[in-house]
Amino acid sequence: MKNSFLAFVLCVSLFSCGSEDTLFTLLKPSQTGIDFNNFIDEDASNNVLEYGYFYNGGGVAAADFNNDGLVDLYFTGNMVANKLYLNRGDFEFEDVSEQSGTALNEGWKTGVSLVDINDDGWIDIYVCRAGAQDPRLRTKLLYVNNGKTADGVPTFTEKAAAYGLDDRSYTTQAAFFDYDKDGDTDCFLLNHSVQQYAGFSNLIANYRQQRNDAYGNKLLRNDGGKFTNVTDSSGIVSNVLSFGLGININDFNNDGWQDIYISNDYNENDYLYLNQKNGRFKEVIREATGHVSLYSMGTDAADINNDGLVDILTLDMLPASNERIKLTSGDDNYDKYQQLLRAGFHDQTMRNMLQLNSGVNADGVPVFSEIGQLAGISNTDWSWAGLMADFDNDGWKDIFISNGYARDYTNMEFLKYSTDLQGQAGKGGKQPTQMEIIAEMPPIDEPDDIFQNQKNLTFAKKTKEWGFEKGNQSNGAIYADLDNDGDLDLVVNNVNQKAFVYKNNAETKLPNKYLKVKLNAPKFAFMAGAKLDLYSDSLTQTHNFQPVRGFQSAQWDAVHFGLGSAQRIDSLVVSWADGRRQTLKNVKAGSGLILKYTDAQKSAGDKVLPQPALWTPENLLDFTHTEDQRNDFRVQTLLPAMLSAQGPHFAKKDINKDGTEDIYVGGARGQAGALFLSSNGKLVKSPQPALEADAAFEDADMEFFDADGDNDFDLLVTSQGYELNAGDPLLLPRLYINENGKFRKAPLPAAGLNAAVVVSADVDKDGDYDLFLGTRVTPGRFPESMGGVLLINDGKGRFSDQTKTNAAQLAGAGMVTDAVFQDLNGDGFLELLLTTDWGPVKVFGNNNGKLTDASAAWSTNALTGCWNTIESADLDADGDMDFVVGNVGTNWQWNVVSPTGLSMYAADFDNLNRIVPVIAITENGKEFPFASRDELLDQVPSLKKKYNNYVTYSSAALNEILPAEKLNAARKLGVSEFRSGILENNGGKFTFRPLPVEAQFAPVYAIAVTDMNADGKPDLVLGGNIRQTRVRLGRNDASLMQAFVNKGSQQFSFLPQYKSGFYVKGDVRDIAVVQSGGVSYLLAAVNNGKMEGYRLRKH
């Protein structure tokens, strides 16, 4: 929850409800006896303008406080007393707050944590506080459990000071665990700063070094029962920009030591601390992730795909509907975003993130692919608690998310109101009171969301079907088996509404089995961080015991596994936090299993060594692509992504005729491309004055071919420059003739400007190589393009443009991104296949050297996408060529908000001599502009009078915003397919077959076809990602370069990163596989980065 605008507002102002047919039933307070209401009473002194986290709400804890076998509940209230409810069975609870001594009604209570601080077997409660300016009212409280009275009521004594835990920071939550493995329980305090440091400022980089004991996070080490602040010596970041709202403790790199993930609000990025096993932590968020949530709130960690690796969920505040998105979206400020990056902040985007753990790289860092949009959980509005658990007992973890907020001060109409107030103040107008300003902030009453795991990295929204239709403002939440029936119930703490208790009906509605495992250890330090691995015929599951979950909440219940139809499991392995291990075989499903620490054995410390990766890093050439910094959005504000960072690409041939392929690598603007020749197993740069003289050009694509018929390889390099004028000579392609290993520049027709691709082939079968050049876009006028040109060779390296006579339809090919020649019909003439952006894969038939569009005949004309690349191979060994085509993938906002496809209307709508590309999404059968009001009105000023407020614009369809005559006159393009896949050649027709879901993680820009496992079948390596996108879309960088094994019959299986060995971060724009000395090497061309190299392990 962020609002960098709050400081500005302050300046401006001067001042049973459920159905039995659903999986869950919302029980009535009169039935449960739980009437807790976190009532927030706002007034002129206590409100969201005075305290930015005024409506963050309270937490909830679930644990068996009286050791009677039933899970009890404890709620924290911000302005009301905390309450403890004893579970009396059958969902009946008794309020024992006063008797227990835990009814705290002083200060602003936030998170609640669970710990057995004195290891006496009775669960204690630690309450955090914030908000109050008086430090005394921020003092944390430790309620030590004294045991229960005769009537079963536990009593507590407050002893925070006795343990040194009476800290006075602004604390959101605390987590207890043994970080140094010394056998006692340590503590991490998750703190937050104040509104002064929340906004954007030119001093923001300096703030990262500024300290304040009340705001920064703290690590407290247990030294013989007293806690010592060791923050400074431990590597924990503790500055005034820390706005910690979520914490999860887990072993993210599977080394047996507990790590820490912190979700931060406002400008500061999230932190990932890896335990260095020496009392210190190393912060690795940049190395581990491509990007994180911007306004990070609650967080959880669990293994969502049952691969034994712990994944991370963070929540944010991006809505799902067009109307709500429009009411939260201003204009993209790319320059401001870049300023934050230059100040040292990590990439951040406003939406929920699901970080899929891809294994550990060579540096011991867990590397994550962020797939929240592909998974379907990215847009859940103003969200707080994220809980990953198996709610339907099928063996796969689902996701619950609490939602809502009382005063939406990010609402664009409210911000406009605030801006208008500022203008009135400058004119001496009457100023409203704070409460009048607050009254203009609309509430967000949204149902909590729940998503069912589809067992393929995607989730199905089951909010309505599972019984969560009630609008609310929910915050802290937990899951626990409150009635001991083997399924997980849910409890939610609300603002200004009684708490929700949801009964899970899985035990009667579903046939699935379960296993509950209770942990018993003499010390809490041995339990917190204990890892349980479950193995059965069809499932492998991992669960880590750590009470703190979600947002400001904690749960201490038996570890729960859904088993699906399994009656028994093969084995269960528990690894206690100190390293002791225990294995149980042939375990029966159900309750009652207790694992005792005393039954475990000391681990020998010898782990089974993993299978060596298929590819191991090995650099063959030394080249770093260096992109000059540009902002294409200044040229065309509504570009979907920047177009000036398309390289580098490779060309490969054996130039020096030593039997090993050599490589040309394209350069950026101001950086010459370079030729690398093989020498003693390496690629060494060859001095080439003609190439170096053309450093002013930016290389796009390149091709080695024999242009002049002298039996050596010449070089054609195309040039790019979206930011240049359309006729700039720097956009011209360049031909370099090979003269005994030295390349000389030769004349070429002034055609193929800004060409993204060049391919050579003997198009007319006259014995020499002709050229096709495909233009990506007319500079500054997306989506205009000159299409493609055909240059015919006279056999001596002299080319003439014969597009009009031999291939006139190429001019209308669209925005060409890649091309390949292949003889599809066996007549000896090569057909031309093109990929286009915002268009189809095109096939041009070759009739005796004349190219005509045959896309309809080959069934590709309706296959519209944002296609980036194409590669040919006979993938199914049937004797004809199939094609792998790279698309945008399904991990975008576009396929979230408009899964059926996109439209684009491009025109000079207001006759301002500029092309305005208006992208339209489809919701409920209507088209709406993707652009925010500010963005569209900036480009089409004639709309300003009609849409003078955000509310009207938010619900307006595109045909209401732009008149029919303008839409009809515009160029219309569309996207119907987002996925990358295979065009299977079925003897004259192509059938599109999408590649596995992992291939849809990110846009695919590079494809290599090679037999990786020596089984005779061509496998695939895919590279991609794009960083230069709109701020609202965010980076799309989930691909770490991916390997797919050919299983035959056009079926491919993803090879996990830890098996392939690929951990390539950045935008891969080309991949080349070369052979040297009988060994296969792979090179990856990374935009604005160092070339990556790998060596294939021999089988």
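This tour goes from the domains to a cavity and then to the nonpolar cores.

The model is predicted: local features need pLDDT of at least 70, side-chain atom pairs count only at pLDDT 80 or more, and totals for chains, interfaces and linings use all residues. Residues are numbered from 1 along each chain as its sequence is written, and side-chain values use heavy atoms, with hydrogens and water left out.

**Stop 1: the domains.** Colour domain 1 (24-408 + 443-513), domain 2 (514-602), domain 3 (615-893 + 976-1096) and domain 4 (902-970). These bounds come from an automatic or database domain assignment. The C-alpha centres of domain 2 and domain 3 lie 50 Å apart.

**Stop 2: the largest cavity.** Select Y479, H543, Q555, A558 and V559, the closest to its centre of 21 lining residues. A cavity is a set of points on a 1 Å grid over the protein atoms alone where a 1.4 Å probe fits but cannot get out; lining residues have an atom within 4 Å of a point. Domain 1 and domain 2 each give at least three residues to the lining. Now show strand 38 (559-564). Strand 38 gives the most to this lining, four residues. Strands are DSSP runs (E, at least two residues), numbered from the N terminus.

**Stop 3: the cores.** A nonpolar core joins buried Ala, Val, Leu, Ile, Met, Phe, Trp, Tyr and Cys residues through side-chain atoms within 4.5 Å; buried means under 20% relative accessible area (1.4 Å probe, protein chains only). Select F24, F391, F400, L490 and W838, those with the most contacts (heavy atoms within 4.5 Å) inside the largest core of 95 residues. Then try L220, I236, L515 and V517, included in a second, separate core of 76 residues.

Key: On a 1 Å grid over the protein atoms alone, a cavity is a set of points where a 1.4 Å probe fits but cannot get out, and a pocket is an open set with protein on both sides within 12 Å along at least five of seven lines; lining residues have an atom within 4 Å of a point. Buried means under 20% relative accessible area, exposed over 50%, partly exposed in between (1.4 Å probe, protein chains only).
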